[in-house]
Amino acid sequence: MRLGDLAAALDLPVEGDPSVEVTGVTHQGDWVRPGDAFVAIRGARVDGHSFIGQAVERGAVAVFGEGLPEGMDCPVPYAVVPAARAALADAAAELAGHPSRSVQVLGVTGTDGKTTTSCLARHLLRHAGRATGLLSTIGYELPDGVLLQPPTHFTTPEAPQVQQILAEQVAAGAESVVVEASSHALALDRVRAVDFDVGVWTNLTGEHLDFHGTMEAYFADKAKLVQRARHAILNVDDPWTEQLVPMAASHTAYSAEGADADWTASDIVEGPDDLRFSLHTPEGDFDALLPMIGRFNAANALAAMAGAHALGVDVPTLVAGLATFGGVPGRMEMVERTEGEPRVIVDFAHTPPSLDKALATVRVTTAGRLWVVLGSAGGPRDPSKRAPLGAVATQLADVVVFTEEDHRDTPLQDILDEMERGAREGGRDNYVSIGDRREAIAYAVSGADPADTVVLAGKGPEETLERDTETIPWDEMSQARLALQDRRLSSAG
Ligand SMILES: CC(=O)N[C@H]1[C@@H](OP(=O)(O)OP(=O)(O)OC[C@H]2O[C@@H](n3ccc(=O)[nH]c3=O)[C@H](O)[C@@H]2O)O[C@H](CO)[C@@H](O)[C@@H]1O[C@H](C)C(=O)N[C@@H](C)C(=O)N[C@H](CCC(=O)O)C(=O)O
Ligand SMILES: Nc1ncnc2c1ncn2[C@@H]1O[C@H](COP(=O)(O)OP(=O)(O)OP(=O)(O)O)[C@@H](O)[C@H]1O
C-alpha cells in the first residue's frame, strides 16, 4: 500500500514521498522488515524514537510517532500521529485489509474466567458447525483446531500480531473467531481496530492494579470491549455490570446466582467431575451438563452460550455442545489417579477471589481434608494480593502449603512472609512454608489421605517457573503425577 494511501486512511499528514510502498507495520525496532512502517511509541520504560536508527537500518520506509524529539532527524518520511498506539492498531488493520470485518468476532474480557469462557465459546461454535478460530492465553487456533503460539507470550499480543492472526483466520476459512481481550490489551489499544460483534464480560475484581492504578481505571479499560462491541453479554452477578449496561449498544444478561436475567442457571449440582444445572433461556428451559468441576464454570458456560447464541446458534445445539466440552488445560484439571489415592487438581486460580471460588467449590465434593499448595508472583506483579491470598487459602483449606510462584527478583522469603502474615491476621495457623515448589507438592500429595483433595493453585498450564534470574521449564501436571507416583512407591515399600 502506498504511504500516501495509508496516511489518508488514517487521516494523517505525512512529510516526504507519499508514493513509497509500505508492506507492514511494527512497534519494535528489531522486528522491522524491509518495507515496514515503524511506529515509535513512548512507552513506560523507553521512548521508541530511540530505535528509529535501528528500524531504518533494517529497512523501515516510514516512521509514525507523536513528534520527533528535539534535535532528532528521521531519514525516512515521518508522520505525526495524535496517539502512537492507536496509529499502530489502525495501520495494522488497514495493511491487513481489516480482517475482523470478514468474520464474526466474539471478544471476552473480565478478571477471571476469560480463557475458560473463550475456549467454551470456541467449542460451542465449532460444535454448531461453524469454522471457528481462537486467540487466547493458551495460544491461537485456526479453525483446524491445531494450537499455535504467537512469537510473544501475551494473552492478547500487540496490534500487528492481532491483525495478522485475524488475517490468517480469514485465509483459513474462519467464519467466527473468539478473541480473549486482556485489560492490558484494551488499555494499550492492541484490539482497538478489531470489529467485535459480541463482547462478553465475565467479572471484575482487583488485579493488575500495579498497571492500571485504580479499580476505576481498570474498569474503564475493560469496559472498552463492551462499548465497542455491537452486542454485549453481561454478568448481572458482577456489581460493575450496572455501570456497563448504559455503555452497551444492546445486551443480553446472564446470572448463575439466581438474579433476574435472560440466561440463568438454577439447581446447580456439583459432581466429582461435572456440573449439572437447569438452564433457563429466551428459548425455554433445558437440563444442562458441563463436564467440568468448579461452580463458577456454570457462569462461564452461561456467558459462552449466550455469546454463541448472539452469533446465531440455537439453544438445543448449545446444550448438546456443552456436554461434549473437553476442558481447558490447567484450569480445574484433574490428575489421573488410582483407587485409594487423593484427588489432585491443577488450577490456575491466582487472585484471592478466584482462589476463594476454586477452594469453595472443591470443598463441596471433598469428603476428607482440603489441601492447597500456592505461591504468589514476585517482580512488579501486584504485591498487594499476597497477604489476601494467604488469608483466603488458610480460611478455606484445612492444610495450606505456601511456596514459590515466579518470584523473579523479589526475595522468596518476603513473599512467603506476606502470605503468612495474611494467614495470621485472619487468626489461622494451618500452614507451612516450603520454598521449593516441587517439595511443596510432594509434601501435600504424600500427606493427603484417599478422601482428601489437593489443589495445586496458581501455575495452571504455565510452562516455566521463574526464580531470581533463572527461568526453569515447568509442568505442574507432571509434577503432580510424579508426586502421586512417589506416594505409590513409598506406600508399596
Ligand atoms: C505493562 C505492559 O503491558 N507493557 C507493554 C508496553 O510496555 P511499555 O509501555 O513499557 O513499552 P517500553 O518497553 O517502554 O517500549 C516502548 C516502545 O519501544 C519499543 N522498543 C522497546 C525496546 C527495544 O529494544 N526496542 C523497541 O523498539 C517497544 O516495542 C515499544 O513500542 O508495551 C510493550 C510493547 O509495545 C509491551 O511489550 C509491554 O508488555 C510487557 C512486556 C508485559 O509484560 N505485558 C504483560 C503484563 C501483558 O500485556 N499481559 C496481558 C495479560 C495480563 C493478564 O491478564 O494476566 C496480555 O495480554 O498478555
Ligand atoms: N467465572 C469465574 N469466576 C471466578 N473464578 C473463575 C472463573 N472462571 C475461572 N475461575 C478461576 O480462575 C482461574 C483462571 O481461569 P481462566 O484462565 O479461565 O481465567 P482468565 O481470566 O483467563 O485468567 P488469566 O487471564 O489470568 O489467564 C481458574 O483456574 C479458576 O480457578
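First, the conventions. This is a predicted model, where local features need pLDDT of at least 70, side-chain atom pairs count only at pLDDT 80 or more, and totals for chains, interfaces and linings use all residues. Residues are numbered from 1 along each chain as its sequence is written, and chains are lettered from A and ligands numbered from 1 in the order in which they are written.

Domains. The chain is assigned domain 1 (3-95), domain 2 (98-322) and domain 3 (333-492); these bounds come from an automatic or database domain assignment. Between the C-alpha centres of domain 2 and domain 3 the distance is 28 Å. Their contact involves 16 residues of domain 2 and 14 residues of domain 3, where contact means C-beta atoms, placed from the backbone, within 7 Å. On the domain 2 side, that comes to 5 nonpolar, 5 polar and 6 charged residues. For these classes, Ala, Val, Leu, Ile, Met, Phe, Trp, Tyr, Cys and Pro count as nonpolar, Asp, Glu, Lys and Arg as charged, and the others, Gly among them, as polar.

Next, the ligand. Ligand 1 is surrounded by 20 residues, and the closest are Gly43, Arg45, Phe154, Ser182 and His184; a residue is near a molecule if its C-beta atom, placed from the backbone, lies within 6 Å of it. The shell holds 8 nonpolar, 9 polar and 3 charged residues. Domain 1 and domain 2 each supply at least three residues to the shell around ligand 1.

Now a hairpin. Strand 15 (residues 275-281) and strand 16 (residues 284-290) run antiparallel and are joined by 7 bridges; strands are DSSP runs of E, at least two residues, numbered from the N terminus, and two of them pair if DSSP finds at least two bridges between them. The hairpin has 2 residues between its strands. Leu275 has Leu290 of strand 16 as its bridge partner.

Last, which phi values stand out at Asp267 and Asp468? Asp267, not a glycine, has a positive phi of about 50°, and its place is in strand 14 (residues 263-270). Asp267 is exposed, with 9 other C-beta atoms within 10 Å. Asp468 also is not a glycine, and its phi is positive, near 45°. Asp468 sits in the loop between strand 23 (464-467) and strand 24 (470-473). Asp468 counts as exposed because it has 12 C-beta neighbours inside 10 Å. On that scale, 20 or more other C-beta atoms within 10 Å is buried, 12 or fewer is exposed, and in between is partly exposed, with C-beta atoms placed from the backbone.

How values were computed:
Two residues are in contact if their C-beta atoms, placed from the backbone, lie within 7 Å. Helices (H or I, at least four residues) and strands (E, at least two) are DSSP runs, numbered from the N terminus.
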